[in-house]
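Here are my notes on this model, as promised.

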Amino acid sequence: MQGEINGLKTLILKDNPSAYCIHCFAHQLQLTLVAVTKKHCDVDQFFDIVANVLNIIGSSFKRRNMLREDKAKKLEELQVLGEVHTGSGLNQELGLQRPGDTRWGSHFKTVRNFIALFSSIINVLEFLASEGANYLERSVAKSLVNDIRSFEFVHMMHLMLKLLAITNDLNIALQRKDQDIVNAIKLVGFAKRQLQVMRESKWESLIDDASSFCSKHDIVIPEMDKNYHLGKSKRRSSSVAYSHHLRVEVLNTIIDLQLSELNSRFDAVNINLLLGMASLSPDNSFANYDKDRIMKLATLYPHEFSSVTSLTTIFSL
């Protein structure tokens with residue numbers, strides 16, 4: 001579509017240099033998520049680990065069935081304890097699917113289901129670590145258990161859940177067939193404000209969520225801004241430093257990158273263009289009519305409107 005030589009976009013621009021190419025909003029949002037995933041090393045590493053876990057568990061029917069049976073067993077135990085309830089639409093079976101660059105909302109679904117199936121995933125990996133078919137399989141499974149049973153992984157997992165929950169709500173809204181442009185742009189602005197509020201929150205709720213999850217799954221929680229040691233052995237050769245201050249900087253960087261990508265893909269030109277076109281829509285008796293937006297729209301087409309002054313004259317008639 002966008003080939004530099006004979007792509008449709010190129011051919012249209014040759015015929016009309018004032019033409020603009022704007023992807024649908026849901027597609028632009030997905031491109032934003034993919035860009036953040038690939039540009040930040042911590043996020044990229046997180047999704048690499050998740051993908052490796054999904055690959056090793058999803059590579060055989062036996063392992064997938066083991067995961068389902070383990071989850072079903074835990075669900076029965078929780079129902080006996082009265083911690084979950086049964087009913088139509090409740091406790092539906094969850095699957096693990098690798099997030100796709102072109103599948104809208106797939107990143108959110110993967111992280112959400114990964115958290116819900118976390119203990120069952122651990123059990124399957126621990127089984128493979130001890131009963132795997134060969135040394136390589138056992139070694140990979142053991143390494144993945146260590147990776148996901150770390151506070152850093154859990155911390156990033158809950159950050160991604162919070163971020164993707166915001167963008168997933170936006171994604172669902174943008175795909176509505178009856179969505180109008182003005183409302184869609186308002187939703188994009190609302191998502192940006194939510195991200196900014198999250199950045200200014202000092203991340204205390206995220207630490208609490210991650211710590212609570214770690215306590216539930218017997219994962220070591222480090223003392224912030226102090227050295228801590230992994231394992232129970234008294235003979236420790238090294239310590240791992242965990243700084244809350246440094247983690248906050250990393251989290252803020254991820255948010256800034258997300259906001260930067262959103263601003264880049266939903267830029268001023270695109271927004272002014274779409275709002276201007278919406279102002280010309282006759283829907284609901286020209287409910288979105290706005291003279292100033294139409295004037296801005298005209299400035300984007302200098303070949304068609306050589307003088308904005310003439311437009312001002314037209315509007316004054």
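1. Start at His217. Setting aside neighbours within four places in sequence, His217 is in contact with Phe118, Ser119 and Arg149. This histidine lies in the loop between H10 and S1. His217 has a relative accessible area of 14%, so it counts as buried, the cut-off being under 20%. Bear in mind that this is a predicted model.

2. Move on to Asp218. Asp218 also lies in the loop between helix H10 (204-216) and strand S1 (226-228). Is Asp218 buried or exposed? Its relative accessibility is 63%, and because the cut-off for exposed is over 50%, Asp218 counts as exposed. Take a look at the backbone here too: phi of Asp218 is near 55°, a positive value in a residue other than glycine.

3. Phe118 is among the buried residues of H6, and the others are Ser120, Ile121, Ile122, Val124, Leu125 and Leu128. As a reminder, an α-helix has 3.6 residues a turn, so residues three or four places apart point the same way. That is handy when reading the list of buried positions in H6.

4. What does H6 pack against? Helix H3 (residues 41-58) packs with H6 at an angle of about 65°, and their axes are 11 Å apart. That angle makes H3 roughly perpendicular to H6, because the class runs from 65 to 115 degrees. The H3 and H6 crossing is left-handed. Which residues meet there? From H3 come Val53, Ile56 and Ile57, and on the H6 side they meet Ile121, Val124, Leu125 and Leu128.

5. Asn168 lies in helix H8 (residues 151-174). With a relative accessible area of 11%, Asn168 is buried. Leaving aside neighbours within four places in sequence, Asn168 is in contact with Gly105 and Phe108.

6. Next, helix H9, residues 181-199. H9 has 19 residues and reaches 27 Å from its first C-alpha to its last, close to the 27 Å expected at 1.5 Å a residue. Its buried residues are Val182, Ala184, Ile185, Val188, Gly189, Ala191, Lys192, Leu195 and Met198. Note that a lysine, Lys192, is on that buried list.

7. Now the whole chain. There are 15 helices and two strands. Of the 317 residues, 39% are buried. Among contacts between residues at least 6 apart in sequence, 68% join residues at least 24 apart.

8. Finally, confidence. The chain averages a pLDDT of 77, and 78% of the residues score at least 70. Where is confidence highest and where is it lowest? Helix H7 (residues 135-148) is highest at 93, whereas strand S2 (residues 240-242) is lowest at a mean of 43. Over residues 80-93 the pLDDT is below 50, and this stretch has 12 contacts in the model beyond near neighbours in sequence. Residues 227-242 also have a pLDDT below 50, with 25 contacts in the model beyond near neighbours in sequence.

Note on methods. Residues numbered from 1 in each chain as written. Predicted model: local features only at pLDDT ≥ 70, side-chain atom pairs only at ≥ 80, totals over all residues. Heavy atoms only, no water. Helix = DSSP H or I, 4+ residues; strand = E, 2+ residues; numbered from the N terminus. Buried < 20%, exposed > 50% of the residue type's maximum accessible area, 1.4 Å probe, protein only. Contact = heavy atoms within 4.5 Å. pLDDT = per-residue confidence, 0-100. Axes fitted to C-alpha atoms, helices over the stretch in contact; angles between N-to-C directions. Parallel < 35°, antiparallel > 145°, perpendicular 65-115°, else oblique. Left-handed = near helix turned anticlockwise from the far one by under 90°. Expected span 1.5 Å × (residues − 1).
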